[in-house]
Amino acid sequence: MKDRAKQIVHAPWFEYGIIAFILINGVILGLETSSALVEQYGALMHVGNHVILGIFILEALIKMIAVAPQIDRYFRDGWNIFDFSVIVFSLIPATGEFAMIARLARLLRVVRLISTIPELRLIVSTLVRSIPSMIHVMTLMGVIFYVYAIMGYQLFHEHDPTHWRSLGISLLTLFRVVTLEDWTDVMYTAMDFHYLSWIYFVSFVVLGTFVVINLFIAVVINNLDEAKAERLAELQGPVTQKEILKDLRETQIALKRLEERLERTSGENVLPLSKVLKG
């Protein structure tokens, strides 16, 4: 049974099938937002949700059987823990005080698409491993925000109290500026007070948007390259004795064919290739 479970887990149709059921579950959750469809097909949607949950439970059981009797190996994989957590939360009754939690838990089934597709897992892993480096970038960005917020308060709070009346509001205004959302309106209001106010805003946009944001992108790309290299190394794995013997047999067959061709081409005057190699 264990060998059969391993074959099923590693079969391409098994992975594609789970992806298909996750997508179907996502469609059902989307249809449930329509009161008219729920009134007409609510019972069918309810059955579909339970069937898909049963399939997810069966998937988890097959994966556990594949690593039996060391069931703990299943929980060593963070993605398996996530999948198992989705199943546990989905078993919460959708009635009473836990109804809202149950509805939100069903949304996690759609998020399971990330754990099923290797490329998406790679991206999420990259983002997670980028967090330590991002903390330093965010610290730098926080210092820039804080300095510019105090500077903006000192310069503009009397002329434009709507955007600069306190440190907190000044930080929110700078967040609006760094997202480039109508930031020129704030700048033109400040320029009514002093025509050189544009220097403050342009310098902040250059530092906050073009420099710091690009640092975020650089960190993610760098970690993505490292994650890809590690993933490639995992896929390649160590060379087994069986693979070495297979390559050796193929090489022997290729040498035998080359020797026969040389004999046919040159006749009896050419020594066999095996003797030449020995000599």
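The model is a predicted one, and every value below was computed from it. In its largest nonpolar core there are 23 residues, while a second, separate core has 19 residues.

**The nonpolar cores**

- Within the largest nonpolar core, the residues with the most contacts are Trp-164, Leu-174, Tyr-200, Phe-201 and Phe-204.
- Two or more residues each are given to this core by the helices α7 (131-156), α9 (167-178), α10 (183-193) and α11, and the largest share, eight residues, comes from α7.
- Tyr-200, when residues up to four places away in sequence are not counted, touches Tyr-148, Ala-149, Met-151, Gly-152, Leu-155, Phe-156, Trp-164 and Leu-174.
- The second, separate core includes Ile-18, Ile-28, Phe-56 and Met-64.

**The pair α2 and α3**

- Helix α2, which covers residues 12-31, packs against helix α3, which covers residues 35-66, at an angle of about 150 degrees and with the two axes 10 Å apart.
- Because angles over 145 degrees count as roughly antiparallel, α2 and α3 are described as roughly antiparallel to each other, and their crossing is left-handed.
- Among the residues that make this contact are Phe-14, Ile-18, Phe-21 and Ile-28 of α2, together with Leu-37, Met-45, Ile-52 and Phe-56 of α3.

**Thr-209 in helix α11**

- Thr-209 lies in helix α11, which spans residues 198-236, and it counts as buried because its relative accessibility is 11%, where buried means under 20%.
- A polar atom of the Thr-209 side chain lies 3.1 Å from the backbone oxygen of Val-178.
- If neighbours within four places in sequence are left aside, Thr-209 is in contact with Val-178, Leu-180, Phe-204 and Asn-214.

**Two residues in the loop between α9 and α10**

- Most residues other than glycine have a negative phi.
- Leu-180, found in the loop between α9 and α10, is not a glycine and yet has a positive phi of about 65 degrees.
- Asp-182, also placed in the loop between α9 and α10, has a positive phi near 55 degrees although it is a residue other than glycine.
- Leu-180 counts as partly exposed because its relative accessibility is 41%, and Asp-182 is partly exposed with a relative accessible area of 42%.
- Leu-180 is also one of the residues in contact with Thr-209.

Methods
Residues are numbered from 1 along each chain as its sequence is written. This is a predicted model: local features need pLDDT of at least 70, side-chain atom pairs count only at pLDDT 80 or more; totals for chains, interfaces and linings use all residues. Side-chain values use heavy atoms; hydrogens and water are left out. Helices (H or I, at least four residues) and strands (E, at least two) are DSSP runs, numbered from the N terminus. Buried means under 20% relative accessible area, exposed over 50%, partly exposed in between (1.4 Å probe, protein chains only). A polar contact is a pair of N or O atoms within 3.5 Å; within protein, one must be able to donate a hydrogen and the other to accept it, and residues adjacent in sequence count only if both atoms are side-chain atoms. Contact means heavy atoms within 4.5 Å. A nonpolar core is a set of buried Ala, Val, Leu, Ile, Met, Phe, Trp, Tyr and Cys residues joined through side-chain atoms within 4.5 Å. Axes are lines fitted to C-alpha atoms, for helices over the stretch in contact, and angles run from 0 to 180 degrees between N-to-C directions. Angles under 35 degrees count as roughly parallel, over 145 as roughly antiparallel, 65 to 115 as roughly perpendicular and the rest as oblique. A crossing is left-handed if the near helix is turned anticlockwise from the far one by less than a right angle, and right-handed if clockwise.
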